Amino acid sequence: MNNKNNERVYKMSFAGVYPHYITKVEKKGRTKDEVNEVIFWLTGYNEKDLQELIDNKTNFEDFFGKAPKINPNVSKITGVICGYRIEEIEEPLMQKIRYLDKLIDELAKGKAMEKILRS
């Protein structure tokens with residue numbers, strides 16, 4: 001991945017992408033609450049924090065930079081997303097963004113929540 005693309009992704013508004021996550025999972029019979037549960041698990045944010053981030057149109061760089069606590073089990077998130085092996089992505093911020101993409105994908109594919117949350 002080149003740095004120009006990375007920078008573009010980092011500056012994207014989380015609020016702009018969030019509705020797409022919801023649409024993607026709802027098409028497959030999952031819910032906004034489940035999307036939020038995945039986000040809370042990954043980042044340590046809560047409902048109030050998440051709403052503030054959305055209202056403030058926070059970009060992905062700040063979304064992950066200000067995350068209260070990245071879940072220690074993220075290393076269990078493996079596989080390919082957007083043509084890249086998650087565990088081989090060297091840029092830490094891009095890796096976190098891809099973790100979130102992968103979790104949303106798993107939700108949309110109907111995986112059980114306890115498997116998605118690596119419990």
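**Aromatic rings and the nonpolar core**

A search of the whole structure finds 8 aromatic pairs; rings of Phe, Tyr and Trp (its six-membered ring) pair if their centres lie within 6.5 Å, and planes under 30 degrees apart count as stacked, over 60 as edge-to-face and the rest as tilted. In the rings of Phe14 and Tyr21, the centres are 6.4 Å apart and the planes stand at 55°, so this pair is tilted. The rings of Phe14 and Phe63 have centres 4.1 Å apart and planes at 10°, so they form a stacked pair. This second pair links distant parts of the chain, since Phe14 belongs to helix α2 and Phe63 to helix α5, 49 residues apart. Ring pairs join Phe14, Tyr18, Tyr21, Tyr45, Phe60, Phe63 and Phe64 into a cluster.

The model is predicted; local features need pLDDT of at least 70 and side-chain atom pairs count only at pLDDT 80 or more, while totals for chains, interfaces and linings use all residues. Residues are numbered from 1 along each chain as its sequence is written, and side-chain values use heavy atoms, with hydrogens and water left out. The pLDDT (the predictor's confidence in each residue, from 0 to 100) averages 95 over the protein, and 98% of the residues score at least 70.

The protein contains 7 helices and 2 strands; these are DSSP runs numbered from the N terminus, helices being H or I with at least four residues and strands E with at least two. Along the sequence they follow the pattern α-α-α-α-α-β-β-α-α. Among these elements, α1 has the lowest mean pLDDT (87) and α3 the highest (98).

Buried residues make up 46% of the 119 residues.

In soluble globular proteins, nonpolar side chains tend to be buried together. A nonpolar core is a set of buried Ala, Val, Leu, Ile, Met, Phe, Trp, Tyr and Cys residues joined through side-chain atoms within 4.5 Å. The largest one here has 39 residues, and Phe14, Phe63 and Leu100 have the most contacts inside it. Helix α6 (92-108) is one of the helices that each supply at least two residues, and α6 gives the most, with 9. Leaving aside neighbours within four places in sequence, Leu100 is in contact (heavy atoms within 4.5 Å) with residues including Phe14, Tyr21 and Phe63.

How values were computed: Buried < 20%, exposed > 50% of the residue type's maximum accessible area, 1.4 Å probe, protein only.
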